[in-house]
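Good morning, and thank you for making time for this presentation. Please look at the sequence and the structure as I go through them.

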Amino acid sequence: MVLQDTPIYDKTTFGELKSVFPLSMDSTGKRDIERRISCVTKFLEYIEQMEKELPPGFVKKYGKVTGHLLDHGLKADLRELQVALDKRPYTPPR
């Protein structure tokens, strides 16, 4: 799943993705994990909406991309990240 290679046709969704897309915080290229999670979640919501617009025969034959991604690791990865974030001590903004 690559956000940068996926055309986003809905202007509202594009704006929302752009607003949560994490920019690099420093020269190392590190990005805020919470914003990364928000971006992935918003992107998945967009893909799920696009899947609803596909012809039923297409989904029946090939399945849903989002279902495959979630069932093959993404759901567990997002859950693990959230657990780690919940355990992280609070750091006030700079």
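Predicted model: local features only at pLDDT ≥ 70, side-chain atom pairs only at ≥ 80, totals over all residues.

Tyr 62 counts as exposed, at 55% relative accessibility; exposed means over 50% relative accessible area, buried under 20%, and partly exposed in between, with a 1.4 Å probe and protein chains only. Phe 58 is partly exposed, with a value of 39%. Residues are numbered from 1 along each chain as its sequence is written, and side-chain values use heavy atoms, with hydrogens and water left out.

How many aromatic pairs does the structure hold? There is one, formed by Phe 58 and Tyr 62, with 4.9 Å from centre to centre and 50° between the planes, which is tilted. Rings of Phe, Tyr and Trp (its six-membered ring) pair if their centres lie within 6.5 Å; planes under 30 degrees apart are stacked, over 60 edge-to-face, and the rest tilted. Both residues belong to helix 3, residues 56–62, and because they are four residues apart there, about one helical turn separates them.

Turning to the whole chain, we find four helices and zero strands, where a helix is a DSSP run of H or I with at least four residues and a strand a run of E with at least two, numbered from the N terminus. Buried residues make up 17% of the 94 in the chain. The C-alpha atoms fill a box of roughly 50 × 30 × 20 Å along the principal axes.
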